[in-house]
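Hello,

Here is the structure I promised to pass on. Have a look at it first, and my notes follow below.

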Amino acid sequence: MKYDLIIIGSGPAGYVAAVRASQLGKSVALVEKAEAGGTCLNWGCIPTKALLKSAQVYSYCKSATNYGVDMECEPQANLSRMVARSRTVAQNMNKGVQLLLKRNNVETINGFGRLISPTEVDVDGVVYQADNIIIATGARPREMAFMPVDHTHIINSKDALSLEKLPQTMVVVGSGAIGSEFAFFYASLGVKVTVIEYMPQLMPLEDEEVAKTMERVFRRLRIGVMTSTTVKSVTVVDDKCQIEIEGKKGAETLTADVVLSAVGIKSNIENIGLEQLGIAVERDKIVVDSNFRTNIPTVYAVGDIIATPALAHIASTEAIRCVEGICGLSPKAIDYSTIPSCIFTSPEVASVGITEKQAVEQGIEHTIGRYQFAASGKAMAAGDRDGFVKIIFDNEKRVIGAHIVGANIVEMLGEVTLAKELGITAEQIAHTIHAHPAMYEGIAEAAEQALGCAIHA
């Protein structure tokens, strides 16, 4: 059978592309070898957030007396039930994606898809044809030779979602979003966690002030933080992991029950026919133009397999733009300088645009507005006063970067992202009435501080 469009991979890029193409009147087939929704929905973003919610509830229960709530017994963390809830959430989301595809008349083909010509895809021996093909095969946890994953002692992020019992000690290698979130989760349940980061700061892509704040938070949770530290090797001896490192104190050996490898991702581009078709690849990424077209005119690629930030919301946005271009529309180009990013520790971390250090390095004349949540009535009432709002404005007082740390502040990220996208000024933000009491008042307060007219900042 021939389709207008075949998409390989049903993650946040693939299934979104399929639905949008169907909306635009195209006949669509979606090829998926595993679960609908891809890694993000089944083994990434969604189940991770379910676990983190369980950790948050557990934390609230432990501190219930601070809120005037007496409990008859000490709360207990039940890892197996937390994991079961997390898997149920993922499964329900999976069913939702399947229903969405069905409602939009997208034909799902189960199996491993491989390109055999510019217009043909082989799925486990059956050949399907299409006018255009989109590759959206996503990525998987990266494995390092010095830290061979055995899924028992040395684990990856997928394994960390479904441990059968809590280890006493854990070393997390890498402090990006994945490493930091799992470090927080397991430390919240009483595991002695140490985070090892090769770069000079925790959460290396974040603003330095954010990193310093979160390092203090981690240490308060008794999470060990070792930055500027290289892991030389990880071996298993007598049922324990031996981690050879070299850092500020020279060479050391750490011991842990479990090591979590959170050192990034690797594109799923092997054995899908790229070499046979001569599709250009550079550094593990498929090369595409501004329309997401490869060097083969009928083949496109989006998401984690191209050299853009590996975030689910970016993958979905690329998928929509790609499909709209294929369908003859003129979609707006993606502004990759305005990408919201978030880390769901507690407090949460959210950012968009450039950091203060980048502004200095780029020679951009700038002003910074700040607001500490310690001054927030809402934060005080909630008992979550950690964190701040930091907004970077250019010489015209337009938003060029924003960095927020605090309780449930990811939900605030939309305002500053839209402000950067539209070129909104500090004065416009300050003159917009914000509801009280609310955490997002901090955005207006930071803008006022940058203008020199802050009341509380």
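Which residue just after H7 takes a positive phi? Arg222 does, with a value of about 65°.

Before the rest, some background. This is a predicted model, in which local features need pLDDT of at least 70 and side-chain atom pairs count only at pLDDT 80 or more, while totals for chains, interfaces and linings use all residues. Residues are numbered from 1 along each chain as its sequence is written, and side-chain values use heavy atoms, with hydrogens and water left out. Helices (H or I, at least four residues) and strands (E, at least two) are DSSP runs, numbered from the N terminus.

Helix H7

H7 covers residues 208-220. The buried residues of H7 are Val210, Ala211, Thr213, Met214, Val217 and Phe218. Here buried means under 20% relative accessible area, exposed over 50%, and partly exposed in between, with a 1.4 Å probe and protein chains only. Seen down the axis, these buried residues fall within an arc of 165°, so they line one face of the helix (the arc is that of the directions from the helix axis to the C-beta atoms). On the other side of H7, you will find Lys212, Arg216 and Arg220 exposed. The cover over the buried residues includes helix H6 (177-188) and strands E10 (192-196), E11 (224-226), E21 (348-353), E23 (388-394) and E24 (399-406).

At the start of H7, a side-chain oxygen of Asp207 comes within 3.0 Å of the backbone nitrogen of Glu209. That is a polar contact: a pair of N or O atoms within 3.5 Å, where within protein one must be able to donate a hydrogen and the other to accept it, and residues adjacent in sequence count only if both atoms are side-chain atoms.

Gln201 sits in the loop between E10 and H7 and counts as buried at 16% relative accessibility. Its side chain reaches the backbone oxygen of Met203 at 3.2 Å, and a polar atom of that side chain lies 2.8 Å from the backbone oxygen of Glu206. Leaving aside neighbours within four places in sequence, Gln201 is in contact (heavy atoms within 4.5 Å) with Ser175, Glu206, Asp207, Glu208, Ala211 and Thr227.

Helix H12

The buried residues of H12 (residues 413-422) are Leu413, Val416, Thr417, Ala419 and Lys420. They cover an arc of only 160° around the axis, which puts them on the same side of H12. Their packing partners are strand E20 (341-343), E21, E23, E24, helix H13 (426-431) and helix H14 (441-451). After H12 comes Gly423, whose phi is positive, near 70°.

The cores and the cysteines

The largest nonpolar core has 50 residues, of which Ile7, Ile134, Ile135 and Ile286 touch the most other members. Helix H1 (residues 14-23) gives the most to this core, with six residues. A second, separate core of 39 residues includes Val83, Phe184, Val210 and Leu260. By nonpolar core I mean a set of buried Ala, Val, Leu, Ile, Met, Phe, Trp, Tyr and Cys residues joined through side-chain atoms within 4.5 Å.

What about disulfides, meaning pairs of cysteine sulfur atoms within 2.5 Å? The structure holds zero of them. The sulfur of Cys322 is 9.3 Å from the closest cysteine sulfur, in Cys327, which is too far for a bond. Cys322 is buried at 1% relative accessibility, and Cys241 is buried at 0%.

Backbone details

There are cis peptide bonds to look at. One joins Ser346 and Pro347, with omega about 5°, and Pro347 lies in the loop between E20 and E21. Another runs from His436 to Pro437, with omega near -5°, and Pro437 is in the loop between H13 and H14.

Asp124 has a positive phi of about 50° although it is not a glycine; this residue is exposed, at 55% relative accessibility. Asn271 is another residue other than glycine with a positive phi, near 60°, and it is exposed at 58%.

Best wishes

How values were computed: Expected span 1.5 Å × (residues − 1). Disulfide = S-S within 2.5 Å.
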